[in-house]
Every structure is written in structure tokens, then in C-alpha cells.
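Here is a short report for a first look at this structure. It takes the cavity, then the core, then the charged pairs.

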Amino acid sequence: MSVLVNSIVMLGMLVVVPAGLRLTGAAELDRIRRLWPLFAFPGVVSLWLPRGIAATALALCYALGAVLLALHAPHRLLRGPSRSTAPAEVALLTALVTPSVAALALVAERSGHTLFGFGLGILALTVPHFHFAGFAAALVAGLVCRVADSAAGRFAALSVPLGTVLVLIGYFIGDWAELAGAVVLTAGMWTVALLTWRSVRTGQRDRITRSLLAVSSAVLAVTMVLALSWALGEATGIPHPSLAWMAATHGLGNALGFALCSVLAWQRLRDHTDPVESRTA
């Protein structure tokens, strides 16, 4: 399972985060996006080294980049307080902060130390979770909200960050709180999938873009069922998928089917002149 998880994390570090930062259209993020490989490549190398000083030092390099990215969130809050409450902006702020949570877990896991009572296995899975269920999910929810400026779009842009935060809180409070977060996050992600299918995908003339959006929507519909079943099983004790099975299905599906297809599709929307691109630029 470690090879699969590391490969998923690599995709998040090297592709999803920098591509996602470009999609924000925020000029102030251009510098950190250009510098991102300087932080991401040490982080990737740390994944494949034995736990110890070298792996920890390289993980700290990635953590530095994640912290610098997170610092843009309070800067945006202070610069535009009226805009900061807009649902799409809330989603973007969440996306900026969540890689730092993943980086904290990475540093602890690579050093071989538990963190807040969580074992190394849970910490290893926290790293991809906050790259994809955190960064990618919040980013795409915000992008969808910009296009589908409706009650459903605003719900998606707010419920995905809220669900992500509730899942994080549930780590500390207990399984039932984590289940509540999973329910909120699933509702938000299903709304993202529905709006992507109905509002973003329709009207696109480019077949590849339509296909990528369709895949991302369909994958979300399935992988979030798996997330709910796992959280429900943890809370109630009923049979549910193992962590290894979740990594191979929910994790891999979200990484490739949702996150990668989404950022590729939205990049094509930005690169092509059409009504959606003009509204998201």
C-alpha cells in the first residue's frame, strides 16, 4: 500500500497543486507556483527514503513551501474583507491552507514520530487526503461556484471546506464527528459532480474537455459512497472497506479520476476561448 499511497502523493505534489494554483487566476500566487518544484521535489524524494533525518529534512523543505502558500490566505483576508466571505473565495482560502496540514503529517511520519496520538499509518494517509479531499476538492468547488453562480454552487463552495474541516476535527473528537464531516463533504462533492455534469460540461464543444468533466463527475459519485461507507463503518462497527482497499479505490479514484481529470479539464477551459473560460479567467 505504501507504493500506491506514495505515487498518489507524488501526483498531488508535482501536478495537482501547481496546476491548481494556475487555475485560481490569482496573480499573487504566480511566484509560489513557479517556485513550487523547489519544494515539491524534495518532498517527493522524502517519500521514498527510509524514515530518518534525511527524509525528515526533505519533508521539511516541502513543509516550508506549504506554509508559504498558506500565508497567502490571511493576506487575501486582510486585503479584501468584503470578498473573503464569498463562497468561491472561502473555497480558495481552504485550498491554500490544506497542503500545510498534509505537510505537517508528512514531516511527522517521515521522522517516525506519532502526532497528536495518530500512528504512522494514519499520518501517511493524511498526506494524500489533504492534497485531494482538501486542496483539489476545495479548488474545484470554488471554480464550479464561479461558473454555476447559484444556490447549489454556493452550497458546494461552502460545504466542501466545511466538510474538510469537520473531518479534521473528527480526527480528534471521535468517529461520529468524522462521520458528520464525511456526510457534509459528500453532500458538497456530489453537488460539485452534479453541477459539473449539468452546468460546466454542457455547452462545451471540445470533446476531450467534455469527457474529462464527465469522468470527474462520475468518479466523484462513486468514490464518495466509499468514503461514507468507511466513515459509517468506523462509527458504528458495521463491516466496511479496509484502509488498504480505500487507498486502492477511493484514493486512487479521487486522485486520477477526479483531481487529475478536473485540473486538466479546467486548464483546457482556460486555454480555449469559450463562454466558460471567459467567466473563470
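## The cavity and its lining

Helix 5 (87-111) and helix 6 (120-147) each supply at least two residues of the lining of the largest cavity. Helix 6 gives the most, with four residues. Helices here are DSSP runs of H or I, at least four residues long, numbered from the N terminus. The model is predicted: local features need pLDDT of at least 70, side-chain atom pairs count only at pLDDT 80 or more, and totals for chains, interfaces and linings use all residues. Residues are numbered from 1 along each chain as its sequence is written, and side-chain values use heavy atoms, with hydrogens and water left out.

A cavity is a set of points on a 1 Å grid, over the protein atoms alone, where a 1.4 Å probe fits but cannot get out; lining residues have an atom within 4 Å of a point. The count comes to one cavity of 30 Å³ or more. The largest cavity holds about 40 Å³ of space, a volume being the space filled by probe spheres set on the points. Thr-24, Ala-88, Leu-92, Leu-139, Gly-142, Leu-143 and Arg-146 line the largest cavity. By class, that lining has four nonpolar, two polar and one charged residues. Gly counts as polar in this scheme.

## The nonpolar core

The largest nonpolar core has 77 residues. Such a core is a set of buried Ala, Val, Leu, Ile, Met, Phe, Trp, Tyr and Cys residues joined through side-chain atoms within 4.5 Å. Phe-258 and Trp-266 have the most contacts inside the largest core. Helix 6 gives the most to this core, with 16 residues.

## Salt bridges

The structure holds seven salt bridges. Each is a side-chain nitrogen of Lys or Arg within 4 Å of a carboxyl oxygen of Asp or Glu. Arg-76 and Glu-28 form one of them, at 2.3 Å, N to O. Arg-76 lies in helix 4 (residues 72-79) and Glu-28 in the loop between helix 1 (2-23) and helix 2 (30-48), so the pair ties together parts that are 48 residues apart in sequence. Glu-28, Arg-76 and Glu-89 are linked in a network of salt bridges.

Arg-51 and Glu-109 also meet in a salt bridge, at 2.8 Å, N to O. Arg-51 is in the loop between helix 2 and helix 3 (53-70), and Glu-109 is in helix 5, 58 residues apart.

## Buried or exposed partners

Buried means under 20% relative accessible area, exposed over 50%, and partly exposed in between (1.4 Å probe, protein chains only). Arg-76 is buried at 5%. Glu-28 is partly exposed at 21%. Glu-109 is buried at 7%, whereas Arg-51 is partly exposed at 45%.

Key:
1 Å grid on protein atoms, 1.4 Å probe; cavity = no way out; pocket = protein on both sides within 12 Å on 5 of 7 lines; lining within 4 Å.
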